[in-house]
Amino acid sequence: MNDFAALLDALLFTPARLGKLRLMSEYFAATPDPERGWALAALTGELAFAEVKPMQIRELVLGRVDAELFGWSYDFVGDLAETASLIWPARPGANRAPGLSEIVAELAAATRASAGARLERWLDALDATGRWALLKLITGGLRVGVSARLAKTALAERAQIPLDEIEAVWHGLAPPYVELFAWLEGRGPRPETAGKPTFHPLMLAQALAEDDLDRLDPGSYRAEWKWDGIRVQLVARGGEKRLYSRSGDDIGAAFPDILAAMPADIVLDGELLVLRDGEVMPFNELQQRLNRKTASARMLQDYPAWVRLYDMLDEAGADLRPLPFDERRSRLESWYGAGPRERLDLSPLIPFASWDELRRLREGARARGIEGLMLKRRDAPYLSGRPKGPWFKWKRGALTVDAVLMYAQRGHGKRSSFYSDYTFGAWRDGALVPVGKAYSGFTDEELKRLDRWVRDNTVERYGPVREVAQQLVLEIAFDSVHRSTRHKSGLALRFPRVHRIRWDKPASEADTVAALERLLT
Amino acid sequence: MPNPATWLKPTGKGLYCEPGDFYIDPARPAPRAVITHGHGDHARANNRQVLATAETIAIMRSRFGDEAGGSLQPLAYGEWVALGDVRVKLVPAGHVLGSAQVVLEHQGTRVVISGDYKRRPDPTCPPFEPQSCDVFVTEATFGLPVFRHPPDAQEIGRLLHSMRLFPERCHVVGVYALGKCQRVLALLRRYGYAEPVFLHGALQAMCEVYERLGVDLGPLLPATGARRADLAGRLILAPPSAISDLWSRRLPDPVIAMASGWMRIRQRARQRGVELPLVISDHADWDELTATLSEVGAGEIWVTHGAEEALIRQASLQGLKARALSIAGFEDEAE
């Protein structure tokens with residue numbers, strides 16, 4: 001456990017993706033089975049046991065440490081698990097440090113109450129970093145900036161195979177993944193996936209550049225709306241049902257309404273949306289249901305989820321992916337027409353005769369829930385990854401607003417010496433109100449100049465944040481604007497980024513909050 | 001036997017010893033000063049008469065030049081000298097090169113002012129020598145039980161490991177110019193790192209002082225002027241203020257490290273953009289502080305700069321009498 005804790009600690013502090021991958025790779029190479037498999041499960045969020053409550057931890061600590069000293073320490077550190085891990089007094093002659101495997105095995109059998117007693121024994125045996133990692137793990141608060149996908153990427157890079165191959169077998173496996181490691185290291189066969197509801201690597205679209213159209217024949221393509229939800233894959237096989245996000249995470253537990261509506265033995269590709277009376281609701285309504293472990297009855301009623309289908313990858317065990325798009329589409333339509341389909345509908349094909357006609361449709365597409373258009377080649381098979389040519393996304397033009405830079409914060413990693421995170425505001429009643437934050441959209445040269453400007457125009461410092469003179473106008477591009485109770489302005493922008501730096505424009509001529517409100521969807 | 005509180009007093013200028021007519025680490029220029037060690041919040045320029053170890057005097061000369069003080073009197077560890085009605089002795093504090101505890105004897109009472117100190121071995125200076133006394137004046141920089149510094153070998157090992165894992169990047173470690181810089185260098189040498197280490201310009205003068213005083217730091221090169229490509233895979237030491245600012249931009253994809261006791265707290269390290277926090281401190285950690293309080297056997301403990309309240313609480317749990325002593329001019333170990 002101490003080694004795994006050291007990995008988690010290093011991951012927490014390492015901002016760059018490359019650095020994280022290398023740390024994980026090294027750990028998986030140096031650590032034996034089954035320890036590394038349990039570590040992989042922890043990193044991919046596949047560990048489940050009765051969580052220990054913060055109150056239990058506090059009580060354990062107060063059994064060992066003076067309450068006043070603990071109080072001052074907690075005030076200083078500000079995090080319970082970290083305070084407890086640092087303040088825990090060493091007990092001479094403690095047992096050897098437990099492995100993660102042992103901890104997982106014992107916790108699986110423990111109740112919340114009996115977990116407390118085991119915890120005390122482990123805290124005595126681990127070092128400070130080990131205690132911190134254990135306490136974070138056991139309270140469900142482990143966050144080190146590693147997604148399940150990144151952990152799998154580390155495995156794929158180490159084995160020099162495409163990530164898709166791991167995704168394809170992943171959901172047929174369970175911790176501690178001994179057969180997976182054996183396969184990746186060439187010591188065993190590819191894990192069997194037949195009959196298991198595994199994730200099918202997605203086919204992704206290239207962004208369409210304006211001059212691409214000149215070279216494309218409109219007669220070879222189909223068009224669909226690009227929906228503003230999240231891409232999902234519905235897999236039903238061998239009596240099991242899964243709802244996967246685009247990264248291959250199983251998000252089914254939060255969407256029992258969709259799972260209940262899924263038919264047997266099928267793999268479908270579509271967009272998860274909140275629909276009311278057939279109308280797509282703004283993305284932030286869907287967001288209420290994302291990143292949750294479950295959904296309450298209230299949630300299910302207030303934010304009804306639907307999947308708008310656009311492809312079928314498998315029907316009754318027949319892999320349709322090698323078929324051309326048109327054929328898959330007609331299989332999808334005839335399957336859909338064969339029965340009432342609760343919570344599922346079809347993404348319609350948009351008839352068009354020329355690119356110009358389609359361009360006009362796209363420009364008119366300000367309707368709620370539409371982000372633009374998708375173009376799909378009629379004869380293209382379903383290929384994993386992002387092949388160039390068969391699928392394009394053609395997003396509608398972004399909205400823009402002229403906002404005033406208010407605060408700048410240092411970035412992370414390579415940008416840690418630059419003020420690269422910008423909070424900008426719009427005018428309301430003669431004062432600026434923050435309306436969003438942007439971290440991208442500028443070139444390295446522009447970043448240098450912005451950084452210089454921030455340093456030269458600082459009026460106040462708050463730790464890593466600088467407040468600047470209200471003078472610089474940033475033209476911010478964004479996809480849409482929504483109501484939000486979390487922000488003082490009452491608004492939240494979707495995908496804001498710096499479009500242009502308006503060195504020339506006086507701040508007094510920047511936009512107002514009212515102007516943004518007129519763009520609400 | 002009068003209580004030392006009647007003759008040793010905190011004033012706006014610093015801690016004043018009345019029967020000897022001198023200040024200890026005065027915050028503003030004083031006629032007579034006894035200096036515990038060379039850090040800026042303890043040794044200041046332009047005192048008229050200075051008493052300190054020869055090493056501390058050398059450090060002050062390097063820092064302040066002609067303004068180091070009117071007369072500079074070196075005193076070897078362990079030798080007594082009389083100042084007015086007080087006998088004074090300097091004893092190693094183990095903090096940085098030249099650092100001393102000040103032992104005062106007056107009318108049969110002995111007071112020890114620890115200055116800043118640590119208890120673990122440091123290859124660049126002699127170890128702390130506990131002195132039994134009636135009053136022990138202790139620092140409390142890390143006076144909270146969350147501060148337990150791990151072994152140096154472990155922290156240097158993490159640095160060397162990171163250098164092996166990222167051989168194409170350079171590693172830049174934030175260190176104080178006096179003490180931490182030379183200790184990190186000496187530890188690196190002890191644990192087998194023999195390559196040249198590149199130094200930020202602000203660190204060079206103090207390294208030269210240490211070498212003149214006989215502390216071997218191994219091969220050192222200036223970072224300024226070094227070609228970017230030549231710094232890949234290298235180790236660079238720089239003052240904390242430079243590690244994540246304009247200066248570090250010239251470096252090839254640096255791993256930002258920082259050697260400080262404060263690195264124990266993750267949020268502190270993250271706020272500073274530190275990628276590799278190294279918990280290496282020249283101050284006593286909680287266990288060293290509490291062990292020292294018992295060891296010196298003082299009837300009374302005065303606690304200065306740092307987390308006084310927690311250490312006073314701990315002293316009372318250990319059955320010791322302790323109180324806070326507010327002295328002007330001392331800072332927390334700045335980062």
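Partly exposed means a relative accessible area between the buried limit, under 20%, and the exposed limit, over 50%. The model used here is predicted.

**Exercise 1.** Classify K395(A) and D479(A) by accessibility, then state what their salt bridge ties together.

*Solution.* 
Step 1. K395(A) has a relative accessible area of 34%, so K395(A) is partly exposed.
Step 2. D479(A) has 14% relative accessibility and therefore counts as buried.
Step 3. The closest N and O atoms of K395(A) and D479(A) are 3.7 Å apart. The cut-off is 4 Å.
Step 4. K395(A) sits in strand β11 of chain A, and D479(A) in the loop between β17 and β18, so the pair ties together parts 84 residues apart in sequence.

**Exercise 2.** Locate R313(B) and E68(A), and decide what their salt bridge joins.

*Solution.* 
Step 1. The side chains meet at 3.4 Å, N to O.
Step 2. R313(B) belongs to helix α7 (residues 308-317) of chain B and E68(A) to helix α5 (residues 67-77) of chain A, so the pair joins two chains.
Step 3. R313(B) is partly exposed at 23%. E68(A) is partly exposed at 38%.

**Exercise 3.** Describe the salt bridge between E445(A) and K448(A).

*Solution.* 
Step 1. The closest N and O atoms lie 4.0 Å apart.
Step 2. Both residues lie in helix α19 (residues 444-456) of chain A. They are three residues apart, about one turn of the helix.
Step 3. E445(A) is exposed at 57%, and K448(A) is partly exposed at 45%.

Methods:
Residues numbered from 1 in each chain as written. Chains lettered and ligands numbered in written order. Predicted model: local features only at pLDDT ≥ 70, side-chain atom pairs only at ≥ 80, totals over all residues. Heavy atoms only, no water. Helix = DSSP H or I, 4+ residues; strand = E, 2+ residues; numbered from the N terminus. Buried < 20%, exposed > 50% of the residue type's maximum accessible area, 1.4 Å probe, protein only.
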